[in-house]
Amino acid sequence: MTSIDPPLAMLAEVTHRCPLQCPYCSNPLQLLTASQEMDTETWKSIFSQAAEMGVLQIHFSGGEPTVRQDLEKLVAHCEGLDLYCNLITSGVLLNKDRLIRLAAAGLQHVQLSFQAAQADNADRISAYPNSLEKKIEIGRLVGEIGLPLTVNAVMHRQNLDDLEALIDLSVELGAQRLEVAHVQYYGWGLRNRAALIPTRAQLDRSTNIVEAARERLKGRLVIDYVVPDYYARRPKSCMGGWARQFVNVTPNGKVLPCHAAEDLPGLTFDSLRDRTLADIWQKSAALNHFRGIDWMPEPCQSCDRRELDWGGCRCQAFALTGDAAVTDPVCELSPHHDQVKQIAKKESGESPPEFLYRRIGGAN
(Lines give C-alpha, C1' and ligand atoms only; values in the text may rest on other atoms or scores of the structure.)
Protein backbone atom coordinates (compact mmCIF):
# COMPACT_ATOMS: atom_id res chain seq x y z
CA MET A 1 0.00 0.00 0.00
CA THR A 2 1.26 3.48 -0.88
CA SER A 3 2.28 5.46 2.18
CA ILE A 4 -0.08 8.31 3.07
CA ASP A 5 1.38 11.62 4.22
CA PRO A 6 0.52 12.39 7.85
CA PRO A 7 -2.23 14.92 8.54
CA LEU A 8 -1.16 18.48 9.16
CA ALA A 9 -3.55 18.91 12.06
CA MET A 10 -5.81 17.06 14.47
CA LEU A 11 -9.19 18.36 15.59
CA ALA A 12 -9.39 16.91 19.10
CA GLU A 13 -13.05 16.87 20.14
CA VAL A 14 -12.34 16.22 23.79
CA THR A 15 -16.02 16.47 24.77
CA HIS A 16 -19.53 17.00 23.42
CA ARG A 17 -20.58 18.75 26.62
CA CYS A 18 -21.33 22.46 26.15
CA PRO A 19 -23.31 25.10 28.05
CA LEU A 20 -24.47 26.61 24.74
CA GLN A 21 -27.18 25.07 22.55
CA CYS A 22 -26.43 26.61 19.14
CA PRO A 23 -28.78 25.28 16.44
CA TYR A 24 -25.95 24.95 13.89
CA CYS A 25 -23.49 23.04 16.08
CA SER A 26 -21.04 20.82 14.20
CA ASN A 27 -21.45 18.00 16.71
CA PRO A 28 -23.50 14.96 15.66
CA LEU A 29 -27.17 14.71 16.52
CA GLN A 30 -26.39 11.85 18.90
CA LEU A 31 -24.23 13.57 21.50
CA LEU A 32 -21.81 11.63 23.70
CA THR A 33 -22.02 11.95 27.47
CA ALA A 34 -19.20 12.58 29.93
CA SER A 35 -19.04 8.87 30.82
CA GLN A 36 -18.18 8.04 27.20
CA GLU A 37 -15.22 10.43 26.97
CA MET A 38 -11.62 9.24 26.94
CA ASP A 39 -9.60 9.98 30.05
CA THR A 40 -6.50 12.15 30.40
CA GLU A 41 -3.91 9.43 29.87
CA THR A 42 -5.64 8.08 26.78
CA TRP A 43 -5.71 11.53 25.19
CA LYS A 44 -2.04 12.03 26.09
CA SER A 45 -1.19 8.77 24.35
CA ILE A 46 -3.09 9.89 21.25
CA PHE A 47 -1.24 13.20 21.13
CA SER A 48 2.08 11.39 21.49
CA GLN A 49 1.12 9.15 18.57
CA ALA A 50 0.16 12.22 16.55
CA ALA A 51 3.50 13.90 17.17
CA GLU A 52 5.38 10.72 16.27
CA MET A 53 3.45 10.55 12.97
CA GLY A 54 4.34 14.12 12.05
CA VAL A 55 1.15 15.99 12.98
CA LEU A 56 2.01 19.64 13.67
CA GLN A 57 -1.14 21.17 15.18
CA ILE A 58 -3.71 20.21 17.81
CA HIS A 59 -7.00 22.11 17.80
CA PHE A 60 -8.82 21.54 21.09
CA SER A 61 -12.53 21.53 20.37
CA GLY A 62 -15.82 20.15 21.59
CA GLY A 63 -18.54 20.79 22.59
CA GLU A 64 -16.83 23.22 24.87
CA PRO A 65 -13.31 21.94 25.66
CA THR A 66 -12.95 24.03 28.82
CA VAL A 67 -15.53 21.87 30.61
CA ARG A 68 -12.68 19.38 30.99
CA GLN A 69 -10.73 20.08 34.13
CA ASP A 70 -7.69 18.30 32.70
CA LEU A 71 -7.36 20.67 29.72
CA GLU A 72 -4.22 22.30 31.14
CA LYS A 73 -2.61 18.85 31.46
CA LEU A 74 -3.50 18.00 27.87
CA VAL A 75 -2.13 21.32 26.59
CA ALA A 76 1.08 20.90 28.61
CA HIS A 77 1.57 17.42 27.20
CA CYS A 78 1.18 18.72 23.65
CA GLU A 79 3.53 21.61 24.34
CA GLY A 80 6.13 19.11 25.52
CA LEU A 81 5.76 17.34 22.18
CA ASP A 82 6.28 20.64 20.31
CA LEU A 83 2.73 20.56 18.97
CA TYR A 84 1.03 23.88 18.19
CA CYS A 85 -1.99 24.24 20.50
CA ASN A 86 -5.14 26.13 19.54
CA LEU A 87 -8.25 26.42 21.71
CA ILE A 88 -11.64 26.60 19.95
CA THR A 89 -14.00 27.94 22.58
CA SER A 90 -17.26 29.72 23.31
CA GLY A 91 -15.43 31.49 26.13
CA VAL A 92 -18.34 31.50 28.55
CA LEU A 93 -16.69 29.17 31.08
CA LEU A 94 -13.30 30.93 31.03
CA ASN A 95 -11.86 33.53 33.35
CA LYS A 96 -8.52 35.32 33.62
CA ASP A 97 -6.95 32.80 36.00
CA ARG A 98 -7.78 29.86 33.74
CA LEU A 99 -6.54 31.65 30.64
CA ILE A 100 -3.25 32.39 32.40
CA ARG A 101 -2.92 28.74 33.41
CA LEU A 102 -3.64 27.56 29.87
CA ALA A 103 -1.10 30.00 28.43
CA ALA A 104 1.49 28.87 30.98
CA ALA A 105 0.80 25.25 29.98
CA GLY A 106 1.61 26.06 26.36
CA LEU A 107 -1.57 27.31 24.69
CA GLN A 108 -0.60 29.39 21.65
CA HIS A 109 -3.85 30.65 20.16
CA VAL A 110 -7.53 31.17 20.99
CA GLN A 111 -10.44 31.00 18.55
CA LEU A 112 -13.47 32.62 20.17
CA SER A 113 -16.97 32.17 18.74
CA PHE A 114 -19.66 34.85 18.60
CA GLN A 115 -23.33 34.25 17.84
CA ALA A 116 -24.34 37.89 17.27
CA ALA A 117 -23.34 41.46 18.10
CA GLN A 118 -26.64 42.24 19.84
CA ALA A 119 -27.02 40.81 23.34
CA ASP A 120 -30.61 39.63 23.05
CA ASN A 121 -30.01 37.89 19.72
CA ALA A 122 -26.79 36.30 20.97
CA ASP A 123 -28.63 34.88 23.97
CA ARG A 124 -31.50 33.65 21.79
CA ILE A 125 -29.23 31.86 19.32
CA SER A 126 -27.00 30.28 21.95
CA ALA A 127 -29.76 29.70 24.54
CA TYR A 128 -27.30 31.02 27.12
CA PRO A 129 -27.85 34.18 29.22
CA ASN A 130 -25.44 37.13 29.03
CA SER A 131 -23.30 35.28 26.50
CA LEU A 132 -22.17 38.33 24.52
CA GLU A 133 -20.97 40.25 27.56
CA LYS A 134 -18.97 37.23 28.71
CA LYS A 135 -17.42 36.67 25.28
CA ILE A 136 -16.32 40.30 24.96
CA GLU A 137 -14.71 40.07 28.40
CA ILE A 138 -12.80 36.93 27.44
CA GLY A 139 -11.75 38.38 24.08
CA ARG A 140 -10.15 41.32 25.87
CA LEU A 141 -8.48 39.06 28.41
CA VAL A 142 -6.95 36.93 25.64
CA GLY A 143 -5.23 40.05 24.33
CA GLU A 144 -4.19 41.19 27.79
CA ILE A 145 -2.29 37.99 28.49
CA GLY A 146 -0.64 38.10 25.06
CA LEU A 147 -2.31 35.29 23.13
CA PRO A 148 -3.27 35.72 19.46
CA LEU A 149 -7.04 35.86 18.93
CA THR A 150 -9.25 34.71 16.08
CA VAL A 151 -12.93 35.68 16.15
CA ASN A 152 -15.24 33.08 14.65
CA ALA A 153 -18.57 34.53 13.52
CA VAL A 154 -20.99 31.90 12.27
CA MET A 155 -23.43 33.76 10.04
CA HIS A 156 -26.96 32.93 8.92
CA ARG A 157 -30.22 34.62 8.05
CA GLN A 158 -30.98 35.49 11.68
CA ASN A 159 -27.75 37.37 12.46
CA LEU A 160 -26.42 38.74 9.15
CA ASP A 161 -27.57 42.23 10.10
CA ASP A 162 -24.84 42.11 12.76
CA LEU A 163 -21.97 41.47 10.33
CA GLU A 164 -20.60 45.02 10.24
CA ALA A 165 -20.80 45.24 14.03
CA LEU A 166 -18.99 41.90 14.40
CA ILE A 167 -16.20 43.17 12.15
CA ASP A 168 -15.92 46.31 14.28
CA LEU A 169 -15.93 44.20 17.46
CA SER A 170 -13.11 42.03 16.11
CA VAL A 171 -10.99 45.15 15.56
CA GLU A 172 -11.87 46.48 19.01
CA LEU A 173 -10.77 43.19 20.61
CA GLY A 174 -7.45 43.27 18.76
CA ALA A 175 -8.13 40.04 16.86
CA GLN A 176 -5.60 39.15 14.20
CA ARG A 177 -8.13 37.15 12.19
CA LEU A 178 -11.88 37.03 11.70
CA GLU A 179 -13.64 34.01 10.25
CA VAL A 180 -16.93 35.03 8.67
CA ALA A 181 -18.34 31.54 8.21
CA HIS A 182 -21.82 31.05 6.84
CA VAL A 183 -23.49 27.99 8.33
CA GLN A 184 -22.80 24.73 6.52
CA TYR A 185 -25.74 22.34 6.51
CA TYR A 186 -24.78 19.10 8.25
CA GLY A 187 -26.00 17.65 11.55
CA TRP A 188 -27.72 20.31 13.63
CA GLY A 189 -27.29 22.86 10.85
CA LEU A 190 -29.12 20.58 8.44
CA ARG A 191 -31.95 20.07 10.93
CA ASN A 192 -32.24 23.86 11.23
CA ARG A 193 -31.53 24.75 7.60
CA ALA A 194 -34.88 26.42 6.97
CA ALA A 195 -34.30 28.66 10.00
CA LEU A 196 -30.73 29.52 9.00
CA ILE A 197 -30.32 29.72 5.23
CA PRO A 198 -30.00 33.33 4.02
CA THR A 199 -31.59 34.84 0.95
CA ARG A 200 -29.46 35.57 -2.08
CA ALA A 201 -29.81 39.28 -1.34
CA GLN A 202 -28.51 38.75 2.21
CA LEU A 203 -25.56 36.77 0.90
CA ASP A 204 -24.67 39.39 -1.71
CA ARG A 205 -24.83 42.12 0.91
CA SER A 206 -22.58 40.17 3.29
CA THR A 207 -20.09 39.57 0.48
CA ASN A 208 -19.96 43.29 -0.27
CA ILE A 209 -19.48 44.07 3.42
CA VAL A 210 -16.59 41.60 3.70
CA GLU A 211 -14.88 42.86 0.54
CA ALA A 212 -15.10 46.47 1.72
CA ALA A 213 -13.81 45.54 5.18
CA ARG A 214 -10.89 43.59 3.74
CA GLU A 215 -9.80 46.67 1.83
CA ARG A 216 -10.38 49.03 4.73
CA LEU A 217 -8.63 46.84 7.31
CA LYS A 218 -5.76 45.54 5.19
CA GLY A 219 -2.75 44.99 7.43
CA ARG A 220 -4.87 45.11 10.59
CA LEU A 221 -7.34 42.23 10.33
CA VAL A 222 -7.31 39.15 8.09
CA ILE A 223 -10.86 38.17 7.15
CA ASP A 224 -11.62 34.62 6.01
CA TYR A 225 -14.96 34.24 4.25
CA VAL A 226 -16.88 31.01 3.79
CA VAL A 227 -20.10 31.29 1.77
CA PRO A 228 -23.03 28.90 2.17
CA ASP A 229 -22.50 26.01 -0.21
CA TYR A 230 -26.06 26.13 -1.50
CA TYR A 231 -25.26 29.35 -3.39
CA ALA A 232 -21.91 28.18 -4.77
CA ARG A 233 -21.16 27.14 -8.36
CA ARG A 234 -18.34 24.78 -7.43
CA PRO A 235 -17.78 22.81 -4.22
CA LYS A 236 -15.20 23.74 -1.65
CA SER A 237 -12.27 21.47 -0.90
CA CYS A 238 -13.88 20.00 2.19
CA MET A 239 -11.19 19.56 4.89
CA GLY A 240 -8.60 19.72 2.11
CA GLY A 241 -9.93 16.43 0.75
CA TRP A 242 -11.20 13.32 2.52
CA ALA A 243 -8.52 12.15 5.00
CA ARG A 244 -5.73 14.11 3.33
CA GLN A 245 -4.75 17.02 5.59
CA PHE A 246 -6.86 16.79 8.72
CA VAL A 247 -7.93 14.12 11.16
CA ASN A 248 -10.83 14.38 13.59
CA VAL A 249 -10.90 12.43 16.86
CA THR A 250 -14.21 12.16 18.70
CA PRO A 251 -14.60 12.23 22.51
CA ASN A 252 -14.79 8.42 22.61
CA GLY A 253 -11.82 7.88 20.30
CA LYS A 254 -13.19 7.34 16.81
CA VAL A 255 -11.01 8.60 13.97
CA LEU A 256 -12.91 10.54 11.31
CA PRO A 257 -11.97 12.53 8.20
CA CYS A 258 -14.34 15.31 9.35
CA HIS A 259 -16.77 16.00 12.18
CA ALA A 260 -19.89 14.89 10.26
CA ALA A 261 -18.65 11.68 8.65
CA GLU A 262 -20.32 9.33 11.15
CA ASP A 263 -23.64 10.15 9.49
CA LEU A 264 -22.59 8.29 6.35
CA PRO A 265 -23.98 4.75 6.06
CA GLY A 266 -21.84 1.75 5.22
CA LEU A 267 -18.63 3.08 6.77
CA THR A 268 -17.18 1.82 10.05
CA PHE A 269 -14.80 4.27 11.67
CA ASP A 270 -12.06 2.75 13.77
CA SER A 271 -11.39 3.57 17.40
CA LEU A 272 -8.13 4.57 19.03
CA ARG A 273 -9.10 2.30 21.89
CA ASP A 274 -8.39 -0.62 19.53
CA ARG A 275 -5.76 0.52 17.02
CA THR A 276 -2.98 3.09 16.80
CA LEU A 277 -3.47 6.41 15.08
CA ALA A 278 -0.85 5.66 12.44
CA ASP A 279 -2.40 2.29 11.65
CA ILE A 280 -5.86 3.79 11.30
CA TRP A 281 -4.63 6.73 9.22
CA GLN A 282 -2.82 4.47 6.78
CA LYS A 283 -5.04 1.38 6.64
CA SER A 284 -8.57 2.25 7.73
CA ALA A 285 -11.07 1.14 5.11
CA ALA A 286 -13.30 4.10 5.96
CA LEU A 287 -10.54 6.70 5.61
CA ASN A 288 -9.35 5.17 2.35
CA HIS A 289 -12.87 4.88 0.91
CA PHE A 290 -13.02 8.43 -0.53
CA ARG A 291 -9.33 9.27 -0.38
CA GLY A 292 -7.71 10.50 -3.59
CA ILE A 293 -9.50 10.40 -6.94
CA ASP A 294 -10.01 6.73 -7.87
CA TRP A 295 -13.48 6.62 -6.27
CA MET A 296 -14.78 9.61 -8.23
CA PRO A 297 -17.70 9.34 -10.66
CA GLU A 298 -18.19 11.56 -13.68
CA PRO A 299 -18.14 14.49 -14.08
CA CYS A 300 -15.52 14.62 -11.27
CA GLN A 301 -13.27 11.94 -12.76
CA SER A 302 -12.49 13.94 -15.89
CA CYS A 303 -12.70 17.41 -14.30
CA ASP A 304 -9.57 19.55 -14.19
CA ARG A 305 -10.50 20.54 -10.61
CA ARG A 306 -10.60 16.99 -9.27
CA GLU A 307 -7.38 17.49 -7.29
CA LEU A 308 -8.43 20.96 -6.15
CA ASP A 309 -11.87 20.34 -4.67
CA TRP A 310 -11.55 16.52 -4.39
CA GLY A 311 -15.16 16.03 -5.43
CA GLY A 312 -16.51 18.31 -2.71
CA CYS A 313 -18.18 17.13 0.48
CA ARG A 314 -19.28 13.51 0.91
CA CYS A 315 -21.54 14.38 3.84
CA GLN A 316 -23.31 17.01 1.79
CA ALA A 317 -23.70 14.64 -1.17
CA PHE A 318 -25.37 12.14 1.14
CA ALA A 319 -27.56 14.74 2.87
CA LEU A 320 -28.91 16.00 -0.44
CA THR A 321 -29.10 12.82 -2.54
CA GLY A 322 -28.87 9.85 -0.18
CA ASP A 323 -25.65 8.76 -1.94
CA ALA A 324 -22.27 9.79 -0.51
CA ALA A 325 -20.44 8.72 -3.68
CA VAL A 326 -21.99 11.19 -6.12
CA THR A 327 -20.62 14.56 -7.16
CA ASP A 328 -21.30 17.18 -4.51
CA PRO A 329 -24.64 18.67 -5.65
CA VAL A 330 -23.44 22.24 -5.07
CA CYS A 331 -21.29 21.80 -8.18
CA GLU A 332 -22.98 23.29 -11.25
CA LEU A 333 -21.90 20.20 -13.21
CA SER A 334 -23.86 17.89 -10.92
CA PRO A 335 -27.21 16.60 -12.21
CA HIS A 336 -28.59 17.46 -8.75
CA HIS A 337 -27.47 21.12 -8.79
CA ASP A 338 -30.89 22.57 -9.60
CA GLN A 339 -32.28 20.79 -6.53
CA VAL A 340 -29.85 22.71 -4.35
CA LYS A 341 -30.78 26.05 -5.90
CA GLN A 342 -34.47 25.33 -5.41
CA ILE A 343 -33.98 24.41 -1.75
CA ALA A 344 -32.12 27.65 -1.11
CA LYS A 345 -34.73 29.76 -2.90
CA LYS A 346 -37.72 28.07 -1.26
CA GLU A 347 -36.50 27.88 2.34
CA SER A 348 -34.90 31.33 2.45
CA GLY A 349 -38.10 32.84 1.08
CA GLU A 350 -40.30 31.45 3.84
CA SER A 351 -40.69 32.58 7.42
CA PRO A 352 -38.03 30.84 9.52
CA PRO A 353 -39.29 28.10 11.85
CA GLU A 354 -38.34 27.92 15.50
CA PHE A 355 -34.85 26.65 16.26
CA LEU A 356 -34.31 23.04 17.22
CA TYR A 357 -31.65 23.62 19.83
CA ARG A 358 -28.58 21.46 20.22
CA ARG A 359 -29.18 19.28 23.25
CA ILE A 360 -29.22 15.62 24.14
CA GLY A 361 -32.45 14.23 22.74
CA GLY A 362 -33.20 17.52 20.96
CA ALA A 363 -33.01 16.06 17.43
CA ASN A 364 -35.86 13.60 17.95
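Between which two helices is the loop in which Asn-130 is found? The notes below, on a predicted model, reach that residue in point 7 and begin with the sheet.

1. The sheet as a whole. Nine strands form an open sheet, in the order E7-E6-E5-E4-E3-E2-E1-E8-E9, and the pairing within this sheet is mixed. Strands E7 and E9 (255–256) stand at the edges, where each has a single partner strand, so one side of each is left without a neighbour in the sheet.

2. Strand E1 and its two partners. Strand E1 (residues 9–13) is mostly covered, with 4 of its 5 residues buried. It is joined by 5 bridges to strand E2 (residues 57–61), and these two strands run parallel; it is also joined by 4 bridges to strand E8 (residues 246–249), again in a parallel arrangement. For orientation in the viewer, Ala-9 stands opposite Gln-57 in E2 and opposite Phe-246 in E8, while the bridge partner of Ala-12 in E8 is Val-249.

3. Helix H1. This helix (residues 40–53) has 14 residues, and the distance from its first C-alpha to its last is 20 Å, close to the 20 Å expected at 1.5 Å a residue. Its buried residues are Thr-40, Trp-43, Ile-46, Phe-47, Gln-49, Ala-50 and Met-53, and the buried residues of H1 pack against E1, E2, H2, E8 and helix H10 (277–283). Just after H1, Gly-54 takes a positive phi of about 115 degrees. Returning to strand E1, where 4 of 5 residues are buried, the chain crosses from E1 through H1 to E2, and this β-α-β crossover is right-handed.

4. The nonpolar core. The largest nonpolar core has 105 residues, and those that touch the most other members are Met-10, Trp-43, Phe-47, Ile-58, Phe-60 and Phe-114. Phe-47 deserves a look of its own: leaving aside residues up to four places away in sequence, it touches Met-10, Ala-12, Ile-58, Phe-60, Leu-74, His-77, Cys-78, Leu-81 and Leu-83. In soluble globular proteins, nonpolar side chains tend to be buried together.

5. Helix H9. At 1.5 Å a residue, the 17 residues of helix H9 (residues 200–216) should span 24 Å, and the end C-alpha atoms are 24 Å apart, which agrees with that expectation. Which residues of H9 are buried? They are Leu-203, Ser-206, Ile-209, Val-210 and Ala-213. An α-helix has 3.6 residues a turn, so residues three or four places apart point the same way. On the other side of H9, Ala-201, Asn-208, Glu-215 and Arg-216 are exposed, whereas the buried residues pack against helix H6 (163–172), strand E6 (177–182) and strand E7 (222–226).

6. Helix H3. In helix H3 (residues 96–105), the residues Arg-98, Leu-99, Leu-102 and Ala-105 are buried. Seen down the axis of H3, they fall within an arc of 125 degrees, so they line one face of the helix. Asp-97 and Ala-104 are exposed on the other side of H3, and the buried residues of H3 pack against H2, E3 and H5.

7. Positive phi outside glycine. Asn-130 is found in the loop between helix H4 (119–126) and helix H5 (131–144), which settles the opening question, and its phi is near 55 degrees, a positive value in a residue other than glycine. With a relative accessible area of 51%, Asn-130 is exposed, because the cut-off for that term is over 50%. Asp-82, in the loop between H2 and strand E3 (84–89), likewise has a positive phi, near 65 degrees. At 72% relative accessibility, Asp-82 also counts as exposed.

8. Cis peptide bonds. The peptide bond from Gly-62 to Gly-63 is cis, with omega near 10 degrees, and Gly-63 lies in the loop between E2 and helix H2 (71–80). The peptide bond from Glu-298 to Pro-299 is cis as well, with omega near 10 degrees. Pro-299 has its place in the loop between helix H11 (285–289) and helix H12 (314–321).

Note on methods
Residues are numbered from 1 along each chain as its sequence is written. This is a predicted model: local features need pLDDT of at least 70, side-chain atom pairs count only at pLDDT 80 or more; totals for chains, interfaces and linings use all residues. Side-chain values use heavy atoms; hydrogens and water are left out. Buried means under 20% relative accessible area, exposed over 50%, partly exposed in between (1.4 Å probe, protein chains only). Two strands pair if DSSP finds at least two bridges between them. A crossover is right-handed if, with the strands pointing away from the viewer, the path from the first strand over the helix to the second runs clockwise. The expected span of a helix is 1.5 Å times one less than its number of residues. Contact means heavy atoms within 4.5 Å. A nonpolar core is a set of buried Ala, Val, Leu, Ile, Met, Phe, Trp, Tyr and Cys residues joined through side-chain atoms within 4.5 Å. The arc is that of the directions from the helix axis to the C-beta atoms.
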